Amino acid sequence: MAGGVKKPVNIFKLKNLGEPKEVFNWRLWFAVFSFGLLGAARGVDEGLINGAFKSKNFQDSINYDSYSKVEQANIKANVSSMVQIGSVGGALFAFLICDRIGRIWATRQLCVLWILGIAIFMGSNGNLGAVYAGRFVAGLGVGQTPVVGPVYIAEIAPASIRGVCTCIFTGFVYLGIVLAYFTNYGCQLHLDETPARWQVPTSLHIIFAGLIFLLTFVQYESPRYLVKTGKNDRALDVMSRLRHLPPDHAYVQREINAITASHHEEMEATKGAGWLGVLKEAFTVRSNLYRVGLTVGAQILSQWSGAGSITIYAPDLFELLGITGTEESLLVTAVFGIVKLVAAILCALFLVDFIGRKRSLLLGITCQAIAMLYVAGFLSAVPQLGNGDGYVLAPSSGKLRASRGAIVMIYLSGFGWALGWNSMQYLLTAELFPLRIRAFCTSLAMCLHFANQYGNARAVPVMLLPVRDGGISSQGTFWFFAAVTILGGVWVWFAVPETAGRSLESMDRLFSLPWWKIGRYGNREAAVLDEAERVGGEKESEMMSGSGSHVEEKGMGGYGADRRV
């Protein structure tokens, strides 16, 4: 099982992949769906929190109008980003929980933290400290979701469709965003300004957390985790069930043998050391250190490209670009969520395993860069927007048409974000690392993800302020996003290798070159090693076959000689 890159995947013709048809069964898709739902945790929060600030009741409960403009920007930033700062802690200890109690129990405890935090937030009764505390506790649970979900999905999915399966997690991020946006919009239209105006949408958190918690009781533990904990027989049984094949089937045996051999190699290399051995393996083995560098670079460049903060502050940004009225801005924001959801579905079904991770990522970054450059140019041409003076575009002016073009560009940036960074940051992190350090490195990556997301969400409201109020202005903010996006595209082209279709146990072959060649030539080198292994395996089989024939002929010859005597 070389694990090399396979031919492009057509999700509607899985029978042509050369895999047993039983592999693509309802148990696999149900497991992917159950853990993909974890993606909704981030999406729901990013889509809801700014809507809560649109509620006059919520603003009155925290005496929002009594603060200065700068203080209001800081309060909004603190409330919006408190889940992110809590998520840093959640992501940091997620690997310990994942490796200690398994993927299933890790999911259950994060759901409990998630529900507890939201309950504190909803019951805060205007106490700003309780608002911060509740969102921080919720973040401890939410921060574990991009560690547990993608790791579990990557560990149970066949290599040929692992990209599709992991992108389902990303799809649920956007489903959560869409539901949150439209719930905010519906409540703005049909509910009076009572606590229900913001508490009803917020209850989406509890609905998703409760559903995921219940679904864990009908799922199996990851076979790779079971092998890691020495439960090989149980791992074989679970893999058999997930693949819908008997335990002695060659396909199931081959997968379990590859997982077991890889784990034994890792244990032999680290001599069974504990968590210090995990740290040493992650940061002193050259190929692993490069992979850590990839995840660090991906998290920094993706979060500061600005698309994540656009999701959180979408209603405010659409107002900045000329959309007037709370209901109108929420509706335009809801459509924005649909655009991102459609992009995520297209990426999962037609791109990530068809044209590959790297091309999908570069395509998405290109869309983002075009959008950011246009919006930055538009705001530079109309600097009156966003300066806090209540400037409104004239209905018949060319600037209004340019404003509508800027809104389309925000949609394009969301489309590119869903195609590129937001899908690939989870997928690459989940599939790059060896089994022994996978949970730790994924946890580290997600810790950096939320740290940067916190910094970005915390900074953007202040960045958008006019220079006279301590910001860098709206146009300066988007020029900054454009520069980071372009830098990210260059970095991806140079540093990120293609991983599509490769088994988790064969990733090491991508990193056998010097670091400056991996992004451009790593996949070609890995293909050479795949072919060498295939040829070597064929020769070994021929030699064994020839040796058996020689022994048989020798035995026959001896028999004939005995008869002649």
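A salt bridge is taken here as a side-chain nitrogen of Lys or Arg within 4 Å of a carboxyl oxygen of Asp or Glu. By this criterion Asp99, Arg103, Glu155 and Lys228 are linked in a network of salt bridges. The structure is a predicted model, in which local features need pLDDT of at least 70 and side-chain atom pairs count only at pLDDT 80 or more, while totals for chains, interfaces and linings use all residues. Residues are numbered from 1 along each chain as its sequence is written, and side-chain values use heavy atoms, with hydrogens and water left out.

Side chains of opposite charge can pair when their charged atoms come close. The structure holds 11 salt bridges. Within the network named above, Arg103 pairs with Glu155, and their closest N and O atoms are 2.8 Å apart. Arg103 belongs to helix 4 (residues 69-122) and Glu155 to helix 6 (residues 145-156), so the pair ties together parts that are 52 residues apart in sequence. Helices (H or I, at least four residues) and strands (E, at least two) are DSSP runs, numbered from the N terminus. Residues are called buried under 20% relative accessible area, exposed over 50% and partly exposed in between (1.4 Å probe, protein chains only). Arg103 is buried at a relative accessible area of 1%, and Glu155 is buried at 0%.

A salt bridge also joins Glu46 and Arg42, with 2.8 Å between the closest N and O atoms. These two residues are four apart in helix 2 (residues 40-53), a separation of about one helical turn. Glu46 is buried at 4% relative accessibility, and for Arg42, likewise buried, the relative accessible area is 4%. In the salt bridge between the side chains of Lys21 and Glu22, the N to O distance is 3.5 Å. Here Lys21 is exposed, at a relative accessible area of 65%, whereas Glu22 is partly exposed, at 28%.

Helix 9 (residues 204-215) has 12 residues, and its end C-alpha atoms lie 17 Å apart, in agreement with the 16 Å that should be spanned at 1.5 Å a residue. The expected span is 1.5 Å times one less than the number of residues in the helix. Leu204, His205, Phe208, Ala209, Ile212 and Leu215 are buried in helix 9. They cover an arc of only 130° around the axis, which places them on the same side of helix 9; the arc is that of the directions from the helix axis to the C-beta atoms. These buried residues pack against helix 1 (26-36), helix 2, helix 4, helix 7 (162-190) and helix 8 (196-202), contact being defined as heavy atoms within 4.5 Å. The face turned away from the buried side of helix 9 carries the exposed residues Ile207 and Leu214.

Helix 21 (residues 435-463) contains 29 residues and reaches 41 Å from its first C-alpha to its last, close to the expected 42 Å. Of the 29 residues of helix 21, 21 are buried, so the helix is largely enclosed by the rest of the structure. In the loop between helix 21 and helix 22 (474-495) lies Ser473, which has a positive phi of about 80° although it is not a glycine. Ser473 is buried, with 13% relative accessibility. A positive phi, near 55°, is also found at Asn63, a residue other than glycine. Asn63 lies in the loop between helix 3 (56-61) and helix 4.
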